[in-house]
Amino acid sequence: MRPFDPRVLTVAPAARRPVLLLAVVGVLQGAATIGTAFALAALVVAVVGDAGLVAPAGWLAGLLVVRAALGWAAERTAARAGVEVTAALRSALLRRWLTVPAEQRPDPDRGATLAAQGVAAVEPYAARFLPALVAGAVVPVLAVAALVLVDWVSALVVILTLPLLPLFAALIGAATRDETDRRWAALSALAGHFVDVMRGLPTLAGYGRAGRQVEVVAEVSRQHRRATMRTLRLAFMSSAALELLASISVAIVAVTVGLRLTHGTVTLQTGLLAILLAPEAYWPIRRVGAEFHNAADGAEAVATVLEELATGPDAPVRGPSPRADSLLTDELGVALEGVSYSYPGASDHVLRDVSLTTGPGLTVVTGPSGGGKSTLLELVAGLRTPTAGTVVSGPAHLVTQRPFLPAGTLRDALRLGTDASDDALWEALRAVGLEGFVAGLPHALGTRLGDDGVGLSAGQRSRVAIARATLSVAPVLLVDEPTAHLDEASSARVHDLLRDLADRRTVVVVTHRPELVRLADRHVVVAGTGAEVHG
Amino acid sequence: MSRPSTAATVVRPTRATVLGGLLGGAATSAGIALTATSGWLIVRASERPVILTLLAAIVAVRAFGMARPFFRYLERIVSHDAALADLAERRSSVYAALVPLTPARLGRRSRSQVLTGVVDDLTDVVEAQVRVTVPLVASAVAGLLAAGLTAWFAPAVGLVVVGLLLLLALGCALAWWFESRSRDELLAARAEASRVGDLVARQAGELRAIGAEQTALGWLEAAHVAVAAAVRRQSRGRALVAALLLLGTAGATVAAAALVDPSATGAPVAALLVLVPVAVGEALAPLVDTMRALARAQGSSARLGALLDQEPAVHDPEHPVTCPDSRDGDGPVVRLESASASWTGARDDLAPTDLRLAPGRHVAVVGPNGSGKSTLLAVLARSLDVSGGRHTVDGTDVRDRSLASTRADVAVVDDEPHVFATTLAENLRLARPGADDAAVRRALDLAGLGPWVDGLPDGLETRLGTGGRGLSGGERTRLGVARAVLADRPVVLLDEPAAHLDHPTATAVLDDVLDATRDRAVVLVSHRPEALDRLDAVLDLSVPSPPKE
């Protein structure tokens, strides 16, 4: 893993400020810590020499108060950085998925997991590992620099022993890598088992297999305990070895200083400073080591997110391509030329070599089930990219067969994508014949939909979606089977509405209703291997 | 419903955690002693004595330097082993407790989220043993030792150290208060951010279709702002302890410096006394982390308690009727007569409904959200009992039969079948242990997965799930169907199997499902019009009337 990937700051500019602030506070904390060592040494010298305490005590208290303030700021900044880096990465991911066609989005499950839990793993990385990294890089350097000025002999001891720490860590790591990798793999399988049988509990219970799992869970947990302890013993052993190494190094400094003091070659103040500064050189490095393992998940999540953001070109600009330019004169038109489409991973085409041109007015699309009609609309809306051919369309609003209604009020659902006034919402509801129904709801437009509110039937849902479409300003309106769930009267009303809308816009409707076909200006039959235009 | 979760009920000091705390106390004490004896050594050395007189101090410095990592290592081994033992024990007992509550008491939706939450909560509660008890005991031991040592040389400085400890205790109490107060708010804010993230990731296409990209990003922004605000409030607790630790150190060190009298104690001891408060302050820094762990564990413990304290929704009768096995290979006849049901007992989630199921009869259930479609399936699967009317199997009221006997007739395919991290064959075989490969393969073929299996590198032995091969939504649904086919149960309940599939896939899957279950009794809950014309009856729950034939 990379300790810090600077690309994070490029894809998540919002994270720049807190991360920078974190670094600044970390450096200041390091400097204040070194200053405290000087003040403490001076205070002890003053105490044993019966000199005036006020000045060193004042310095020490002052510096500790500064460190307290910095400690406060560091905790607050680290928490903020954690949240903002997480938020920035999640926003970047979702912004991308909201601008690219379906083929460039990951599988929904994978995407949802990445956007929810995956990104959350970055928080401890930013809030804990990054500060440790800053301290690890800054404080030892400051401590050694101060030591060089104060007592170069002690500085030499530190400079000679300090590289042993990372060297030792690397050696231990190299010697145990295979063993550790093997154990981690086994360990994550064991750890994953409980999550797996928990999530699958309803399935297991459904087939009467849950009771048997209790003993399996106990056995696997025991194995997990043994395997974890084997791994931990190794990890704790190596961290104890590093601490021992640091302790011995500090002890060497203390003893050499002590011996030189008895010879009178250094002063008490210098000796004290040496033993107070020496440990400051070692612990930040050990802390990076300790947090390194904790942060590995976060670093991996960062890498995954960056990889996801790096795949493919960024949001394609929707507009006329050179070849189809001649087919289209204004934003109202829709033009497909030689369009084929196959779903990602599928070899057969759902659409093959479809060409059609249409403009303002009502175009109906019919054809056999599974013939690619819905896919055709998604291609026109730019939600999918054709595998061959060109699609040109003005900004489009697509009403799918399962229109998305958010958890919230009916007003929220209708205003999705527009900022229409309540008057406009009522007008739209009137047009689809839902005015009376909504007026009769307990809170009218403010009524909550879904699980904790009013349930809408499939027909009501599709009429709400059509009402929402009438509020859209998009010049191209695409509608997939609008009246599949509606009775005759409601269907007729929606058909008339679509006919009216077609006076001002390009309306393309997938339908199997002959009544609507009769109202259409153009009729396109899609049968997978082409489109035939009638009328 | 939830148990009171005071610190004592969440963090039960056990022998192992107290032992870990004592070992940790030894390590922390060694760290404090290292600083103190080093100071003593340096000052004593500066008095230029005979070197031999320093030897004891030199040995002590080295011994403390080595004792710290040694005891720290032992502490970590003991406390982690204790936690893992505790985790193993609690995992199996919680699992056993959840079985009778599944599925009716796991919430109506996102059950796998509820169950994942249980895993996390359990981890939090167990971790608290290590992350709360051990550092608290260790800090108390080391702090009191340091106070005792200093008091022995100079009682006044001993009191100063005690004062520092009390200040830290106060800081911890305040931090706990901040953490507990913001805990639920933060949890809710994080859950909302996750929900919006999940929603936008899954519905990106639908949101683009209606030009709602900006609105969706606005939801995300609002959720993130709420998380940031909650985190800001919560971080006050940690920041407070971190700052108090240093302020206390400042006060205690200055006070110690003012109170020591080198002429009475000698210069080296005076140095030691001034250095001890600094060493205590540094050694007790891990306290910053303890209160967050405690507050989290208390929240987790309360949630676990609320979940596990529920009564199962259905019970076995005391004397179950043994049903005569006179079906001659045919499936049972299941009847609902004016059956109503309720999840909570507060209101009817299913209004009185009539339904008859027999082998080969396929019934679709439609109706708006909340009209009781899933409730109806829960009743048929005997996850829930009727609150009014009758539910009979072959004429016997199901409440007189054992749960197992009714459930053994029913296979449920929901909209999110779980794929276990094992082989494809084992993933199916859980539905019918002992089924041979040919039967497994037949079930996969019937569910329309034949070509997919042929394309797999290891065929039936391909590993799926976490760490294995991923499945698309359609493949997952078909896997659920294949399980139900293999289980060979006479009643198949399909709960919106095609809910997450695109149109062509949904049509193909539903066709295959209905073909595969031709001779079974099937109830299909669906929002979609596809394939409804292939069913024998449609039960519309929005209209309180019998199914139209």
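Good morning. In chain B, helix α15, residues 473–487, lies across strands β6 and β7, and runs at about 175 degrees to β6. The model is a predicted one, and I shall return to its confidence values at the end.

The sheet that contains β6 and β7 is an open one of 5 strands in chain B, ordered β6-β7-β8-β3-β9, with parallel pairing. Which strands stand at its edges? They are β6, residues 410–413, and β9, residues 537–540; each has a single partner strand, so one side of each is left without a neighbour in the sheet. From one strand to the next, the twist averages 20 degrees. One position to look at is B:Val492, which stands opposite B:Val522 in β8.

Chain B has a second open sheet, this one of 4 strands in the order β2-β1-β4-β5, and here the pairing is antiparallel. Its edge strands are β2, residues 350–357, and β5, residues 396–397, each of which pairs on one side only. Strand β4 of chain B, residues 388–393, is joined to β5 by 2 bridges, and the two run antiparallel. B:Thr392 stands opposite B:Asp397 in β5. Strand β1 of chain B, residues 334–341, contains B:Ser338. That residue deserves a look at the backbone: B:Ser338 has a positive phi of about 45 degrees although it is not a glycine.

I turn now to the helices of chain B. How do helix α5, residues 155–209, and helix α8, residues 267–283, cross? Their axes come within 11 Å and cross at roughly 10 degrees. The two helices are therefore roughly parallel to each other. On the α5 side the contact is made by B:Val157, B:Val160, B:Val161 and B:Leu164, and on the α8 side by B:Leu273, B:Val276, B:Pro277 and B:Val280. By class, this contact has 8 nonpolar residues, with no polar and no charged ones.

Elsewhere in chain B, the loop between α3, residues 52–98, and α4, residues 111–153, holds B:Pro103. The peptide bond from B:Thr102 to B:Pro103 is cis, with omega near -5 degrees.

Next, the domains. The assignment for chain B gives domain 1 as residues 13–308 and domain 2 as residues 334–540. Their C-alpha centres lie 49 Å apart. How many residues does each domain bring to the contact? Domain 1 of chain B supplies 4 and domain 2 of chain B supplies 7. On the side of domain 1 that touches domain 2, the residues divide into 2 nonpolar, 1 polar and 1 charged.

For chain A, the assignment gives domain 1 as 1–151 + 287–316, domain 2 as 152–265 and domain 3 as 322–534. The C-alpha centres of domain 2 and domain 3 of chain A are separated by 58 Å.

Between the chains, 117 residues of chain B are in contact with 113 residues of chain A. The side of chain B that touches chain A has 67 nonpolar, 33 polar and 17 charged residues.

Finally, confidence. The predictor gives the complex an ipTM of 0.85 and a pTM of 0.81. Chain B averages a pLDDT of 85, and 92% of the residues score at least 70. In chain B, the pLDDT is below 50 over residues 1–5, a stretch that has 12 contacts in the model beyond near neighbours in sequence. The pLDDT is also below 50 over residues 545–549 of chain B, where the corresponding number of contacts is 9.

For chain A the mean pLDDT is 82, and 91% of its residues reach 70 or more. Which elements of chain A have the lowest and the highest mean pLDDT? Strand β9, residues 531–534, has the lowest at 60, and helix α6, residues 152–161, the highest at 91. Over residues 315–329 of chain A the pLDDT is below 50, and this stretch has 20 contacts in the model beyond near neighbours in sequence. Where pLDDT is low, the predicted coordinates should not be read in detail. Thank you.

Methods
Residues numbered from 1 in each chain as written. Chains lettered and ligands numbered in written order. Predicted model: local features only at pLDDT ≥ 70, side-chain atom pairs only at ≥ 80, totals over all residues. Axes fitted to C-alpha atoms, helices over the stretch in contact; angles between N-to-C directions. Parallel < 35°, antiparallel > 145°, perpendicular 65-115°, else oblique. Contact = placed C-beta atoms within 7 Å. Nonpolar A, V, L, I, M, F, W, Y, C, P; charged D, E, K, R; others polar. Domains from an automatic or database assignment. pLDDT = per-residue confidence, 0-100. Pairing = 2+ DSSP bridges.
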